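Please look over the sequence and the model before reading on.

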Amino acid sequence: MDGVAADFPYLPIIMAHVSHHLWEEALTVAIVKPNVYFDISNWQMVFNNHPGEFYRRLRAVLDGVGPWLVFFATDGPYLNVILPIDVWVKGIKEPDLSSRTDVSFTQEEIDAVMGIAFAHLMNLE
């Protein structure tokens with residue numbers, strides 16, 4: 001992905017699933033390639049099983065690239081069986097950080113991830 005992002009610097013590239021288990025490597029690429037974006041689809045499994053870890057990862061991604069390069073996504077309908085869409089949406093819009101007191105999110109970050117950032121990328125404002 002690094003090579004493609006370098007060769008086509010004006011091409012927006014969305015890394016689906018924040019690259020699954022390679023999210024830290026993907027983050028390293030996105031930090032230096034401003035045309036690389038993430039969606040958080042498929043992270044429902046982490047959220048469902050380890051919400052504190054999910055919020056830690058999301059905070060790390062937002063700290064690395066900012067909220068304007070991170071998009072909410074579902075990867076549904078497959079993952080809607082594992083985690084209903086309404087629970088997934090609420091987990092982002094109203095994060096329960098009781099298990100992660102070292103993590104917080106601003107309303108601007110939440111709003112950006114939940115759609116404003118993607119609308120901006122697509123010039124839908």
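Q: Is W43 buried or exposed?
A: This is a predicted model, in which local features need pLDDT of at least 70 and side-chain atom pairs count only at pLDDT 80 or more, while totals for chains, interfaces and linings use all residues. Residues are numbered from 1 along each chain as its sequence is written, and side-chain values use heavy atoms, with hydrogens and water left out. A residue is called buried under 20% relative accessible area, exposed over 50% and partly exposed in between, with a 1.4 Å probe and protein chains only. Because its relative accessibility is 2%, W43 counts as buried.

Q: Where in the chain is W43 placed?
A: Helices (H or I, at least four residues) and strands (E, at least two) are DSSP runs, numbered from the N terminus. W43 lies between β2 (36-39) and α3 (44-49), and its place there is in the loop.

Q: How far apart in space are W43 and V18, C-alpha to C-alpha?
A: Contact means heavy atoms within 4.5 Å, and, leaving aside neighbours within four places in sequence, the contacts of W43 include V18, F54, L58 and W88. In sequence W43 and V18 are 25 residues apart, whereas in space their C-alpha distance is 8.2 Å.

Q: At what angle do helix α5 and helix α6 pack?
A: Axes are lines fitted to C-alpha atoms, for helices over the stretch in contact, and angles run from 0 to 180 degrees between N-to-C directions. Helix α5 (residues 85-93) and helix α6 (residues 107-121) have their axes 9 Å apart. Their contact is made by V89, I92 and K93 of α5 together with I110, V113 and M114 of α6. The angle between α5 and α6 is about 145°.

Q: What pattern does the protein chain follow along the sequence?
A: The protein chain has six helices and three strands. Read along the sequence, they follow the pattern α-β-α-β-α-α-β-α-α.
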